[in-house]
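Thanks for coming. I will take you through one model this morning, chain by chain, and then through a few local details.

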Amino acid sequence: MRLLSSAVLIALLAVSPPGARDVRAEEGARIVSVGGDVTEILYAIGAGDRLIAVDTSSRYPAETRALPDVGYMRALSAEPILALAPDHIIAIEDAGPVGAIDILRQAGVRFTMIPDTPTVEGAIAKIEQTAAAAGLPDAGAALATETRRRVDAAIAKTPKSGRKPRAIFFLSVGRGGLLAGGRGTSADAIINLAGGENVAAAFTGYKPIEPEAMTAGDPEIIIVTDRTVKALGGVDVILTSPQFAGTTAARTGRLVAFDGQMLLGFGPRLGEAIEALTAALHPPRPE
Amino acid sequence: MTAFLDIATAPNAPTVSIQARMRQERRRAAATIAIAAALLVGGVLMGLGVGALPISPAEAASILLAKLGLPALTPFEARDDLVMTAIRAPRTILGVLAGGALAACGAALQGLFRNPLADPTLIGVSSGAALGAVTVIVLGGGVAAALPPVLAPSLLPLGAFCGGLIAIIAVYLIAQRDGGTDIATLLLAGVAITAISSAGIGLFIFISDDQQIRDINFWLLGSLSGANWRALLPAAALIIVGVCGILRQRRALDALSLGEADAHHLGFDPERVKRGLICCCALATGAAVALTGVIGFVGLITPHVVRLIAGPNHRMLLPTSILLGGALMLAADVGARVVVAPAELPIGIVTAAIGGPFFLWLLMRGRAFGGW
């Protein structure tokens, strides 16, 4: 154990002399981005060319797919990440496991955790902190201002009075399982921001919803991601599946699909997401 | 005693050839153990030498020599030192121990139950451990936050170990009949406890969020990536105690293969043997699974492979299985680390993907289930 700690000390002294960090952060730092939102923000502030690897959830913009994939954000592996010789790992707060992160820090790699809260303020904070971590606070402030402007504009367009349309968000988890987004999920947050009522708000987290509860809640519109549509084999397959039978949404064929990262990421495209979902939830009434 | 057992397993063999046959078997046994040991050494060298960071054998050796206070062969980087000592070394040791423990328990339980399907999952240890781990993943957040940061990472292995132990104690107590342990009841109780644990896991999956579901999934597929010295030392002690306890029963297991009554006549107390073996298996697999998660196939297949090559004699089967189990685990782990680098595959996928087909190939090309 003492050998280990002395090794750690040597590593810290050798790899990261204090004071050298800020210089590297500003120019040419090799960044590993963990978390789709963080990656999206880094590209949006012009730090995309400094990324050397991303995690599995980083799928936007398309350039990320050419980068090495370090795996699922909660199952990171220290050695292969070290082999990429990163200067800085910027990760969303759920990244892990703790053991791997400890080793990366011990090896002298700068590690920044970005908090993640599915609210407008949370999105702004995420943008500002990610940009600050990348050494680009001005670009971050500009992106945060622009994001807030678009969010405010989108919220201004949501109907403030009248009945809220009943909506439900579904996430495909493979093997045909569909999980509804309950309270506390970013799906619930975006439905509320777009002026809808979440049918699945009776429970927290993503859970399978019981068919009778679905019939009773009677969603008027079903929201999914593009990947769910692809995974399940098309809009019609979902709408005609027995679990939606008897709902208004299935009868009227109202199912909307969005890019998952845009809709649920609470990043720079939050304004777009609110705007798109608002338009889907509140269609212009035919006269 | 040894000669008597060999006669008993081959009652029709003419007396003259027995000695020649025993000599031949002994040579075959020595060769098998030597090959298994060589494979394990190869596995250890791979575990220490292969990884995403290119560390040359000379550098790797220098780092290890420096740790022992010996002069280094070549200079090495501090980063490589960290990777060797904090990642590869504990991981390799965990692979040897966990693979050996699972294979030893598989061999012992197959012998004890006289059933080729037995492995540590059958008597409820793995599923109990899984329930313990899942409980910690889903409900342990608050407890972990209250613990000092040093102890928090130990909560998951501790939960898994306790879960495994509780499950096996329950199985054992249920199987007590008229002062003895009924093997058939033990098996069925294991199946029942596994079902109950699955129900518990299902319930926790239901109340967990999507992230916890991913964590649970990863744990259930196993990984050696959680290896670190702090967790390894107590687990290693438990595994070594358990495996040594199993090894001590090798003759008793041979005797038991003739049936409980015959074993009794040969001077073994079947009750004590059963109790001892189950305790040891619980300790060894409980400690291994606590650190690695559920890793299938190694415990089931390794003893079969050894039996196909070297026959059913437990004095051979147990040590060879331990060596080969460690080697298989390390080989699978290298695969897990390399295939999707810089990410990492859960090792349970690799053991199943390699172990399954390999086992089928062995079965189809040669003798059907050796010894069964």
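**Chain A, then the helices of chain B**

Chain A has 14 helices and ten strands; helices (H or I, at least four residues) and strands (E, at least two) are DSSP runs, numbered from the N terminus. Before going on: this is a predicted model, in which local features need pLDDT of at least 70, side-chain atom pairs count only at pLDDT 80 or more, and totals for chains, interfaces and linings use all residues. Residues are numbered from 1 along each chain as its sequence is written, while chains are lettered from A and ligands numbered from 1 in the order in which they are written.

Of the 287 residues in chain A, 47% count as buried. A residue is buried if 20 or more other C-beta atoms lie within 10 Å of its own, exposed if 12 or fewer, and partly exposed in between, with C-beta atoms placed from the backbone. Taking the contacts in chain A with a separation of 6 or more, 59% are between residues 24 or more positions apart. Two residues are in contact if their C-beta atoms, placed from the backbone, lie within 7 Å.

Now the interface. The contact between the chains takes 35 residues from chain A and 28 residues from chain B. On the chain B side, the elements giving two or more residues are helix 4 and helix 9 (210-221). Helix 4 of chain B supplies the largest share of that side, eight residues.

The expected span is 1.5 Å times one less than the number of residues. There is a kink of about 35° in helix 4 of chain B, centred on Met84(B); the bend at a residue is the angle between axes fitted to the seven residues ending there and the seven starting there. Why is helix 4 of chain B described as largely enclosed by the rest of the structure? Because 35 of its 36 residues are buried. Just after helix 4 of chain B, Arg114(B) takes a positive phi of about 50°.

Next, the packing partner. The axes of helix 4 and helix 15 (residues 314-338) of chain B come within 7 Å and cross at roughly 140°. That makes helix 4 of chain B oblique to helix 15 of chain B. Axes here are lines fitted to C-alpha atoms, for helices over the stretch in contact, and angles run from 0 to 180 degrees between N-to-C directions. Angles under 35 degrees count as roughly parallel, over 145 as roughly antiparallel, 65 to 115 as roughly perpendicular and the rest as oblique. The crossing of helix 4 and helix 15 of chain B is right-handed; right-handed means that the near helix is turned clockwise from the far one by less than a right angle, and left-handed anticlockwise. On the helix 4 side of chain B, the residues that meet helix 15 include Gly95(B), Gly99(B), Gly100(B), Ala103(B), Ala107(B) and Gly111(B). Among those they meet in helix 15 of chain B are Leu318(B), Ser321(B), Gly325(B), Gly326(B) and Met329(B).

Helix 15 of chain B also packs on helix 16 (residues 347-365) of chain B, with axes that come within 9 Å and cross at roughly 120°. This crossing is right-handed as well. Ala332(B), Asp333(B), Gly335(B) and Ala336(B) in helix 15 of chain B meet Ile347(B), Val350(B), Thr351(B) and Ile354(B) in helix 16 of chain B. In the loop between helix 15 and helix 16 of chain B sits Pro342(B), joined to Ala341(B) by a cis peptide bond with omega about 10°.

Helix 10 (residues 229-248) of chain B has 20 residues and reaches 28 Å from its first C-alpha to its last, close to the 28 Å expected. Its buried residues include Ala235(B), Leu238(B), Ile239(B) and Gly242(B). What covers the buried residues of helix 10 includes helix 4, helix 7 (155-174), helix 13 and helix 15 of chain B.

Last, some backbone details. Most residues other than glycine have a negative phi, and most peptide bonds are trans. In chain A, a cis peptide bond joins Gly96(A) and Pro97(A), with omega about 0°. Phi of Ala85(A) is near 55°, and Ala85(A) counts as exposed because it has 12 C-beta neighbours inside 10 Å. Phi of Phe297(B) is near 75°, but Phe297(B) has 23 C-beta neighbours inside 10 Å and so counts as buried.
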